[in-house]
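Reader: Please walk me through this model. Keep it brisk.

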Amino acid sequence: MSLLVVDGLAKRYGEATVFENVHLTVAPGEFVAIVGDSGVGKSTLLNCMTGLDHWDAGRIVHGGTDLGLLDDTQRALWRRAQVGFVFQAFHVLPHLDVAQNVALPLMLLGRADATRVQAMLDAVGLQGLGPRLPQQLSGGQLQRVAIARALVHRPALLLADEPTGNLDPGTAARAMEVLVAQTREQGAALVLVTHSASAAARADRVLHLTASGIVG
């Protein structure tokens, strides 16, 4: 059974084709890494998978829900409940403390749960740091905040866009360990876009995105 099905996807900007004929399936609990040359559209593909970007041909189906049949509001509600996203630039809100940042997905769903937030902080090695502001943390700690935030609402699908690109190799390795361990523990499917060979090596499958499709 597939959690995510991408069937014949194409994305264009005017006359310029970013990619086309992209086919991909991801099973529940599977970790898939997507690699490829710069500019081939890896981040754009992730954004399409969440319904943030529109596509020009093909279908994206998540758990039986065809994203192409949803309007923008329905996509936003689906994304809020079903998807977690980890960005290279962290996107941690500077005016909120660490615990408040992690709690955001739960708050948006109307499911405030301080116990769950604390459990996620403990799981990613940030015990006792909930009251701190983001500017008081290191890059590696900020990335772990982002990982905890992405998983706190137990999404079925986790997408990570170059999540270790701003970290030194040792910190990047530790962040990947936390990301993979927490994804596995929660049984979520993980799709990772990366230039890092060491990060991709952790995946169940490594796929290469080209302008004409995906090569396994």
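Author: The questions below go from the whole chain to single residues. This is a predicted model, in which local features need pLDDT of at least 70, side-chain atom pairs count only at pLDDT 80 or more, and totals for chains, interfaces and linings use all residues. Residues are numbered from 1 along each chain as its sequence is written, and side-chain values use heavy atoms, with hydrogens and water left out.

Reader: What is the radius of gyration of the protein chain?

Author: The chain has seven helices and ten strands; these are DSSP runs, with helices being H or I of at least four residues and strands E of at least two, numbered from the N terminus. The globule rule, 2.2 Å times the number of residues to the power 0.38, is set against a radius taken over C-alpha atoms. The rule gives 17 Å for 216 residues, so the chain is as compact as a globular protein of that length, and its radius of gyration is 17 Å.

Reader: What percentage of the 216 residues count as buried?

Author: Buried means under 20% relative accessible area, exposed over 50%, and partly exposed in between (1.4 Å probe, protein chains only). By that cut-off, the buried share of the 216 residues is 50%.

Reader: How far apart are the end C-alpha atoms of helix H5?

Author: H5 covers residues 139–151. The expected span is 1.5 Å times one less than the number of residues.

Reader: How many residues of H5 are buried, and what covers them?

Author: H5 is largely enclosed by the rest of the structure, because eleven of its 13 residues are buried. Among them are Gly-140, Val-145 and Leu-151. The cover includes strand S6 (83–87), helix H3 (98–108), helix H4 (114–123), strand S7 (157–161) and helix H6 (169–186).

Reader: Which residues does Gln-182 contact, leaving aside its neighbours within four places in sequence?

Author: Gln-182 sits in helix H6. Gln-182 is buried, at a relative accessible area of 6%. Contact means heavy atoms within 4.5 Å. With those neighbours set aside, its partners are Met-120, Ala-123, Val-124 and Leu-151.

Reader: How are the rings of Phe-85 and Phe-87 arranged?

Author: A search of the whole structure finds one aromatic pair. The ring centres of Phe-85 and Phe-87 are 4.5 Å apart and the planes are at 5°, so the pair is stacked. Rings of Phe, Tyr and Trp (its six-membered ring) pair if their centres lie within 6.5 Å; planes over 60 degrees apart count as edge-to-face, the rest as tilted, and those under 30 degrees as stacked.

Reader: Is Phe-87 buried or partly exposed?

Author: Phe-85 has 13% relative accessibility and counts as buried. Phe-87 has 26%, so it counts as partly exposed.
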